[in-house]
Amino acid sequence: MQTNPLEILAYCLSRTINDNEIVYVGTGLPLVGALLAKATHAPNSTLVYESGAQDPLFEGKMPWSVACPWTYYKAPIILDMPNSFGQCAAGYVDLGFLGGAQIDKYGNVNTTLIGTYEEPKVRLTGSGGGNDLASLSDRSVLVGLQTKEKFPEKVDFITSPGFLNGGDEREKLDLFGQGPWRVITQLGVYGFDDETKRMKAISLHPGITKDIVDMCTGFEIIISDDITETEMPDETTINILRNKVDPFGVFTKMPL
Amino acid sequence: MEKNVFKMPDKQANETERDYHIRTSRNRLVDTNSWREVHFKKSRNRINKCMSLKEAVQEFVIDGDIISDTGFSWVRGCTQAFFEMIRQEKRELTLMGAPIGVGGIPIGGGIIGYMHNSYTGAEMRGIDKMFHRSIKEKKVEPLSEWSHGAQALGFKAAQMGVPYLASKVMLGSDMVKHNPYVKISSHAFKDEPEKDMVCLIPALYPDIVFIHVQKADKYGNAMIWGPVVNDIALSVASRKVVITCEELVSEDEIRNNTSGNSIPFMYVDAVVEMPFGNVPGSVPGYYYWHRQWWEQGVRIAFQSDENFNKFLDYWVFSCRDHYDFVDKLGGGIREIVKRNKLTKVAEGLNDIGVIDYDYKEVNSEQYPYWRYPWEESYEQEINRQTETLLRLKNLEEFEQSQNNKGGII
């Protein structure tokens, strides 16, 4: 079945969620992934939002923003902001999603600026809840479009800490949680080396080779010779995604 | 900048009150003494605090104040208060908040001089181009970088009356290098230096907040439902608090309430009755946001000063208040009914069926002026706008001649 890259991304994101987990979501593709997981292999997972909403019901509408009515649709309770992050610190969040303008080889994420602080080329949004999730939730999944610029050797500004400069640097700070666990892009699914904490490929999407990955990355991603191909969604899953999860194609239809 | 922001500088002999207020805004953010002092000066009595938004902005917003955004982005925010500040040409304000949802509007409106940023953006539509340009062109000076959680904890600390809180957020990030307020420290109760680090976040005290709520009484007792985000904390953390409400209700209704979060009257300086007062944003239970309007703003108006000035002329300077704004948005009552229905369905309070929430992106053809589908031409819209301006001018003169301060309709 024909699938577009956004659908594949959504599918890969959904596979990072296990059943019975609490997932902290924003909006955009991670939300689609979480909803798809809930509609397929992880029906008992619970979504929580930065708006503080716990376990809203889902009726086919995509929230525009993390405080949109659909993020708290029939939610039994809505926490205030410090308690919402407190929930992550308290061990009631298994998984958080992070997007970023830049992701580096140690999984550090930049959403603050491109350039230097004094002379920024592009001023981005700032941390929002990204830093809090990266610091507090048990494991985080990074998602981004993979290009040389967006995957540099070192991010211009560490907004959300991954493994900092690798090795045991993150451990030394005693941040909560394991740190970045997966990176999902249009090319593949990556994890991090246990020792060095460098980004390493877990699987590449069909048709993607090491050369393509190298061309789209500002550093070397460790890719073993026997790298597997990313599992693709079957027809049933795609039908659920298109008809039930994102029926209007808000986040999974390719822009024209 | 003073090296230690925690030390309140003395006023210099030749310095005006206004200059001193602006210069010390970065110190006031964490100055507990002046924060308490302001609170002690507030009336302890239950007095009628009703006034118009115009009067509240006139009386309570001073050049150089630190203002925090409220609500979450366009949900229960304070966009109309920003509009009024732009109309009254307030200057050199410091903008903060977790998040800053529609930062481009006050920034582009020229009222902001400084920022304590945690998030200023357009969510699923990406970066806030006005914010980006203003920082790049150094029209706005960023004073500090925060995560949402850190700034939220700062407000929480103020609410709880503690000097600071220790957290794991912001550790290892570059934000701490660009934030003179937070401090990385080792865990005070463990005898292992350089291990188990924490980030100390001081109580944060903005000067003023405008909190839009669903219901309030004339004394300022206020009720919020839906996401409260930081607003309950901010009502204590802030020196001055203006409540704007959808409905001004009797004290009984508040006293009999068994649900919802509330702000007690003593924190509140002014109450403004503003039905439909958070347009073009949304209010849980009342109305849905105007996504197309917002998108026109972030995608088109924020792109250049030229675009934004037209946008301001149309939406801010040629509107006396939010009633005029609603008229322009979609013809008054039409707009109200539609938005109300949209939100009731979106929140599951009504099951009238499928409503098209229209995810189509706003394109540039709709710019520069808002055009209703039933309007024939661009010229017609220009004429209408000119008429509106004339009408407003006449009305203003009339109001002045009657010595009418303008008030609640």
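Begin by selecting chain B: it has 15 helices and 12 strands, where helices (H or I, at least four residues) and strands (E, at least two) are DSSP runs numbered from the N terminus. Before you click further, know that this is a predicted model, in which local features need a pLDDT of at least 70 and side-chain atom pairs count only at pLDDT 80 or more, while totals for chains, interfaces and linings use all residues. Residues are numbered from 1 along each chain as its sequence is written, and chains are lettered from A, with ligands numbered from 1, in the order in which they are written.

Now colour chain B by pLDDT, the predictor's confidence in each residue, from 0 to 100. The average for chain B is 86, and 84% of its residues score at least 70. Where pLDDT is low, the predicted coordinates should not be read in detail.

Zoom in on B:A98 and B:P99, which are joined by a cis peptide bond with omega about 0 degrees. B:P99 sits in the loop between strand 2 (93-96) and helix 6 of chain B. Next, go to B:V279 and B:P280: the peptide bond between them is cis too, with omega near 5 degrees. Look for B:P280 in the loop between strand 12 (270-273) and helix 11 (291-300) of chain B.

Then pick B:R76, in the loop between strand 1 and helix 5 (79-87) of chain B. Its phi is positive, near 50 degrees, though B:R76 is not a glycine. Is B:R76 buried or exposed? B:R76 is buried, because 29 other C-beta atoms lie within 10 Å; the cut-offs are 20 or more other C-beta atoms within 10 Å for buried, 12 or fewer for exposed, and partly exposed in between, with C-beta atoms placed from the backbone.

**A covered helix**

Select helix 7 (residues 129-136) of chain B, where 7 of the 8 residues are buried. Those residues are B:K129, B:M130, B:F131, B:H132, B:R133, B:S134 and B:I135. What covers them? The cover includes strand 9 of chain A, along with helix 6 (104-108), strand 4 (141-145) and helix 12 (305-317) of chain B. After helix 7 of chain B comes B:K138, with a positive phi near 60 degrees.

**Across to chain A**

Bring in chain A, which has 7 helices and 14 strands. Its radius of gyration (taken over C-alpha atoms) is 18 Å, close to the 18 Å that the globule rule (2.2 Å times the number of residues to the power 0.38) gives for 256 residues, so chain A is as compact as a globular protein of that length. Along its principal axes, the C-alpha trace of chain A spans about 45 × 45 × 35 Å.

For the interface, 49 residues of chain A are in contact with 53 residues of chain B. Helix 3 (81-89), strand 9 (120-123), helix 4 (130-136) and helix 5 (169-173) of chain A each supply at least two residues to the side of chain A that touches chain B. The predictor gives the complex an ipTM of 0.95 and a pTM of 0.90.

A:K197 lies in the loop between strand 12 (188-192) and strand 13 (199-204) of chain A, and has a positive phi of about 65 degrees although it is not a glycine. A:K197 is buried, with 23 other C-beta atoms within 10 Å. A:H41, in the loop between helix 2 and strand 2 (46-49) of chain A, counts as partly exposed, with 14 C-beta neighbours inside 10 Å. Draw a distance from A:H41 to A:Q87: their C-alpha atoms are separated by 25 Å.

**Last stop**

Finish on B:A222, which touches residues including B:V213, B:I243 and B:V268, not counting residues up to four places away in sequence.

Definitions and conventions: Contact = placed C-beta atoms within 7 Å.
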